[in-house]
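Welcome! Please have a look at it before reading on.

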Amino acid sequence: MEANRALRQYYVRAQGRSPGWPALFHHYYWFASTILDRVYFLRGRFNQFDIRIHGIETLDRALACGRGCLLLGSHLGSFEVVRAVGLSREQIEVKVLMDEQNAPLIRGLIQELNPAVAGSVIQVGAVDTMLQVRECLDRGGVVGIMGDRLMSQDQSVSCEFLGAQAAFPSGSMRLAHAVRAPVVLFFGLYRGGKRYDVYLELLGETVRLSAEQRQEDVRRWTQWYADRLAQYSREATDNWFNFYDFWQARH
């Protein structure tokens with residue numbers, strides 16, 4: 001099974017050993033648990049969970065600049081728990097950049113469970129995507145985006161991740177450069193039961209890409225993101241929900 005092979009490779013890189021069947025079962029169970037929890041999150045039932053946010057002062061300082069903020073997350077743990085950050089500061093507007101065209105089931109689920117949340121999704125690649133992002137940031141809001149799922153090889157940059165080169169999307173850093181907003185890293189780690197630990201870290205108050213060496217600047221910023229993703233992957237290896245060969249991906 002391709003997913004099993006990919007997970008075994010990932011565990012070797014993250015922990016130095018190949019997982020047995022119990023560890024693989026645990027990993028899939030963790031993933032299924034976060035998918036079920038997403039239903040509650042989409043309905044706004046965050047009070048039924050033990051969500052501990054670490055580094056909220058980092059977000060407060062970033063927003064104090066008055067330019068809004070980009071939250072850069074990943075498929076490590078739950079990204080949907082990002083909305084709990086908005087609830088922790090009731091005045092924060094939270095939008096999420098998402099490629100709904102490649103996830104029609106998710107789009108339908110969000111619309112069915114909570115139309116208000118569906119309205120907070122910004123479609124990637126739409127004619128007004130950048131306008132919606134800028135408007136949210138101008139209102140002092142937060143825009144969440146994934147930084148670890150490659151959609152196009154010609155929009156990628158190669159970074160070291162867990163000891164080997166892997167392709168990461170370059171779009172998040174290009175977006176950060178365009179909007180001139182602070183970038184805060186977001187990791188929503190599932191701890192079992194109803195507990196999540198959310199970690200917020202500042203990547204940069206502004207991401208600048210020079211005209212002379214733009215691709216190298218993108219790579220440098222993305223490498224900092226990859227380094228932090230690697231650190232949390234080693235800490236919470238069972239939260240990795242990319243079930244394909246991440247190092248050989250050519251999507």
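This is a predicted model: local features need pLDDT of at least 70, side-chain atom pairs count only at pLDDT 80 or more; totals for chains, interfaces and linings use all residues.

**The chain as a whole**

- The secondary structure of the chain consists of nine helices and nine strands.
- The chain has 251 residues, and 52% of them count as buried.
- Among the contacts in the chain with a separation of 6 or more, 73% are between residues 24 or more positions apart.

**Helix 8 with helix 9**

- On the helix 8 side, the contact is made by Met173, Arg174 and His177.
- Helix 9 brings Arg214, Gln215, Val218, Trp221, Thr222 and Tyr225 to this contact.

**Helix 7 with helix 8**

- Helix 8 (residues 171-179) also packs with helix 7 (residues 129-138), at an angle of about 55° and with the axes 11 Å apart.
- How do these two helices lie to each other? Helix 7 and helix 8 are oblique, as follows from their angle.
- Helix 7 passes helix 8 in a right-handed crossing.
- Helix 7 makes the contact through Met130, Val133, Arg134 and Leu137, while helix 8 uses Leu175, Ala178 and Val179.
- The residues of this contact of helix 7 with helix 8 include six nonpolar and one charged, with no polar ones.

**The buried side of helix 7**

- Thr129, Val133, Cys136 and Leu137 are the buried residues in helix 7.
- What do the buried residues of helix 7 pack against? Their partners are strand 2 (69-73), strand 3 (94-98), strand 4 (121-123), strand 5 (142-146) and helix 8.
- Helix 7 is followed by Gly140, which has a positive phi near 85°.

**Helix 1 with helix 2**

- Helix 1 and helix 2 pack with their axes 11 Å apart, at an angle of about 105°.
- That angle makes helix 1 roughly perpendicular to helix 2.
- From helix 1, the contact is made by Ala3, Asn4, Leu7, Arg8, Tyr10 and Tyr11.
- From helix 2, the contact is made by Trp21, Ala23, Leu24, His27 and Tyr28.
- The residues of the contact of helix 1 with helix 2 are eight nonpolar, two polar and one charged.

- Asn4 lies in helix 1 (residues 2-15).
- Is Asn4 buried or exposed? Its relative accessible area is 6%, and under 20% counts as buried, so Asn4 is buried.
- Leaving aside neighbours within four places in sequence, Asn4 is in contact with Trp21, Leu24 and Tyr28.
- Tyr40 lies in helix 2 (residues 21-42), and Tyr40 is partly exposed, with a relative accessible area of 32%.
- Not counting residues up to four places away in sequence, Tyr40 touches Arg45, Gln48 and Phe49.

- Leu162 has a positive phi, near 55°, in a residue other than glycine.
- Where is Leu162? Leu162 is in the loop between strand 6 (156-161) and strand 7 (164-169).
- Leu162 counts as buried, because its relative accessibility is 7%.
- Arg180 is not a glycine either, yet has a positive phi of about 55°.
- The loop that holds Arg180 is between helix 8 and strand 8 (183-192).
- Arg180 counts as partly exposed, at 31% relative accessibility.

Definitions and conventions: Residues are numbered from 1 along each chain as its sequence is written. Side-chain values use heavy atoms; hydrogens and water are left out. Helices (H or I, at least four residues) and strands (E, at least two) are DSSP runs, numbered from the N terminus. Buried means under 20% relative accessible area, exposed over 50%, partly exposed in between (1.4 Å probe, protein chains only). Contact means heavy atoms within 4.5 Å. Axes are lines fitted to C-alpha atoms, for helices over the stretch in contact, and angles run from 0 to 180 degrees between N-to-C directions. Angles under 35 degrees count as roughly parallel, over 145 as roughly antiparallel, 65 to 115 as roughly perpendicular and the rest as oblique. A crossing is left-handed if the near helix is turned anticlockwise from the far one by less than a right angle, and right-handed if clockwise. Ala, Val, Leu, Ile, Met, Phe, Trp, Tyr, Cys and Pro count as nonpolar, Asp, Glu, Lys and Arg as charged, and the others, Gly among them, as polar.
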